[in-house]
Amino acid sequence: MKVPSPSAREAASMYGTAVAVFLVIVVAALQGSAPAESPFPFHIPLDPEGTLELSWNVSYAEETVYFQLLVRELKAGVLFGMSDRGELENADLVVLWTDRDGAYFGDAWSDQKGQVHLDSQQDYQLLRAQRTPEGLCLLFKRPFGTCDPNDYLIEDGTVHLVYGLLEEPLQSLEAINTSGLRTGLQRVQLLKPSIPQPALPADTRTMEIRAPDVLIPGQQTTYWCYIAELPDGFPRHHIVMIGKQRPSREGSFSGGEHVGVGSQRAPAPQYEPIVTEGNEALVHHMEVFQCAAEFESVPHFSGPCDSKMKPQRLNYCRHVLAAWALGAKAFYYPEEAGLAFGGPGSSRFLRLEVHYHNPLVIRGRRDSSGIRLYYTATLRRFDAGIMELGLVYTPVMTIPPQETAFVLTGYCTDKCTQLALPPSGIHVFASQLHTHLTGRKVVTVLARDGRETEVVNRDSHYSPHFQEIRMLRKVVSVHPVSARFGAGDRGSLDGSVWANAGAPAPTGVFSTLQGGFGILEEMCVNYMHYYPQTQLELCKSAVDPGFLQKYFHLVNRFNSEEVCTCPQASVPEQFASVPWNSFNREVLKALYGFAPISMHCNKSSAVRFQGEWNQQPLPEIVSRLEEPTPHCPASRALSPTGPTVLSIGEGKG
């Protein structure tokens with residue numbers, strides 16, 4: 001692409017004038033739907049050094065995202081966009097670049113080699129470019145779906161944002177290859193639901209759960225664990241918010257010390273992040289877990305979660321109280337419900353887990369980040385509950401080596417929901433999907449009478465490094481009769497797409513990927529937030545072990561290499577001896593798709609509800625929901641046909 005001719009520049013200038021007029025309407029519309037303090041309520045730092053900062057808002061009526069990109073210390077240009085997994089190859093981009101004569105803004109894409117090309121369909125539309133005291137501010141918009149094969153479809157769930165910085169002016173856009181740039185990625189949920197903020201009780205108080213004075217390790221990824229302790233005799237309360245407003249006085253539980261509890265009377269969220277200034281781009285996400293009540297004490301610990309020095313009891317701190325991830329706003333419980341903690345039958349010990357994302361391997365940085373909980377002694381009408389759905393943590397659910405995609409499905413059957421749910425049902429308002437390192441796509445679906453009725457939560461670009469509690473756009477009501485939960489790919493119930501490229505085993509062959517608790521094993525679960533709380537805390541399944549043994553016997557009949565089926569052999573040992581030819585792979589996939597299941601329909605005490613739960617028939621689904629399809633914009637009358645010419649000196653562009 002060459003620099004636009006004068007006629008193209010004139011057309012671009014005319015388009016810029018139309019955009020400036022349109023901007024007034026856009027900002028007014030945004031201000032009508034966003035919090036009063038800003039038309040862009042969501043914002044994140046894109047790079048660890050703070051050069052790029054992104055803010056955005058969502059118009060569901062227009063099916064459009066409005067972006068505001070702040071570029072500090074602009075040199076020769078910037079790339080911003082989205083890709084499937086955060087790669088700069090095969091990415092959907094918008095580019096600001098300069099040559100010796102001027103500056104240009106255009107919709108672009110990169111090929112599999114990282115070469116950048118101008119898009120023939122300009123779907124990123126510039127609304128304003130303006131110099132500010134902080135840097136260059138670009139305001140632009142992009143529809144959710146464009147029906148352009150070079151564009152990314154913006155959906156609910158995780159979006160991998162990518163960026164690159166141009167150091168020198170260019171003769172043309174085609175001179176850019178992303179392999180030679182300083183680049184990075186950030187994960188966010190762009191399509192945040194528009195939910196009004198409920199008022200909080202007058203006696204709302206706060207406490208901080210934070211890890212004090214952590215020396216962030218000089219490595220790309222660290223999970224840091226810290227044990228905090230509630231004071232003796234701490235009574236039962238309801239957590240009502242994880243939010244963004246800082247009260248004048250607050251309670252803090254760090255180092256096991258109760259510093260004090262202050263009151264918060266203004267409306268505020270139920271819990272919120274406390275991120276040490278300067279570390280905003282390093283603290284990626286945080287979670288607070290409550291430990292199992294049966295332990296009278298949990299050893300103090302502050303260190304990497306994978307440390308050999310970590311006390312074993314920290315593995316029993318799994319009950320989620322709060323979670324936050326980059327870009328997340330306040331998390332409010334519904335006015336009629338709160339999450340109970342404290343009091344009899346509740347552990348005093350909490351585990352804070354902080355994920356540090358340090359791609360530049362910065363060393364010597366100190367951090368005291370954590371989460372602030374907002375709670376009240378005025379108990380609400382309902383206790384909120386957290387129900388765990390999905391696959392049982394067991395090696396009977398195993399993926400063969402060197403698979404690029406493999407679907408596994410877990411179920412919560414109507415036999416369990418009829419026993420455990422109240423006649424009036426439950427109301428699901430939030431969800432947190434969870435896998436370990438190889439999870440790629442997770443979806444939870446509700447079915448009645450064999451028909452899928454609605455998606456509870458879907459993440460088609462799931463990343464195990466970006467896990468947060470997400471408010472649902474609408475509350476999902478679940479009734480005990482003929483209700484099943486599930487998550488799965490392409491409408492199958494309660495499953496996850498896992499990729500298993502294989503891990504080198506000591507013998508030099510590739511090993512299977514097994515279900516289990518370890519970080520190198522896999523999970524597929526959905527922590528579903530709902531009310532009113534029931535005794536049902538876990539509703540999961542796995543293939544029936546007896547039918548898996550039939551699989552091993554079948555493999556023995558059709559292969560020259562013998563698979564050990566003797567009683568003393570463990571399931572991992574049996575899987576390790578399977579010769580992974582195409583026949584054995586396809587038969588295992590088929591087994592997971594038709595064999596009976598073993599159900600775990602468990603109370604919070606880990607005891608199953610009374611009944612027969614082994615060799616349960618696989619739920620039959622006769623009607624599945626269709627995958628979402630992009631909605632193409634009706635009109636492109638205001639879309640430019642080529643790049644927009646900018647003036648990025650002082651003042652407006």
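**Exercise 1. Find how many bridges join strand 31 to strand 38, and which way the two strands run.**

Solution. Step 1: strand 38 covers residues 524–531, and eight bridges join strand 31 to it; the two run antiparallel. Strands here are DSSP E runs of at least two residues, helices are H or I runs of at least four, and both are numbered from the N terminus. Two strands pair if DSSP finds at least two bridges between them. Step 2: look for V428, whose bridge partner in strand 38 is Y530.

A word on the model: it is predicted, so local features need pLDDT of at least 70 and side-chain atom pairs pLDDT 80 or more, while totals for chains, interfaces and linings use all residues. Residues are numbered from 1 along each chain as its sequence is written, and side-chain values use heavy atoms, without hydrogens and water.

**Exercise 2. Work out why strand 31 is largely enclosed by the rest of the structure.**

Solution. Step 1: turn to strand 34 (residues 470–478), joined to strand 31 by five bridges and antiparallel to it. Here I426 stands opposite V478. Step 2: nine of the ten residues of strand 31 (residues 426–435) are buried, so the strand is largely enclosed. Buried means under 20% relative accessible area, exposed over 50%, and partly exposed in between (1.4 Å probe, protein chains only).

**Exercise 3. Which residues of helix 3 are buried, and which exposed residues does the face turned away from them carry?**

Solution. Step 1: in helix 3, the buried residues are L548, Y551, F552 and V555. Step 2: the face turned away from that buried side carries exposed K550 and R557.
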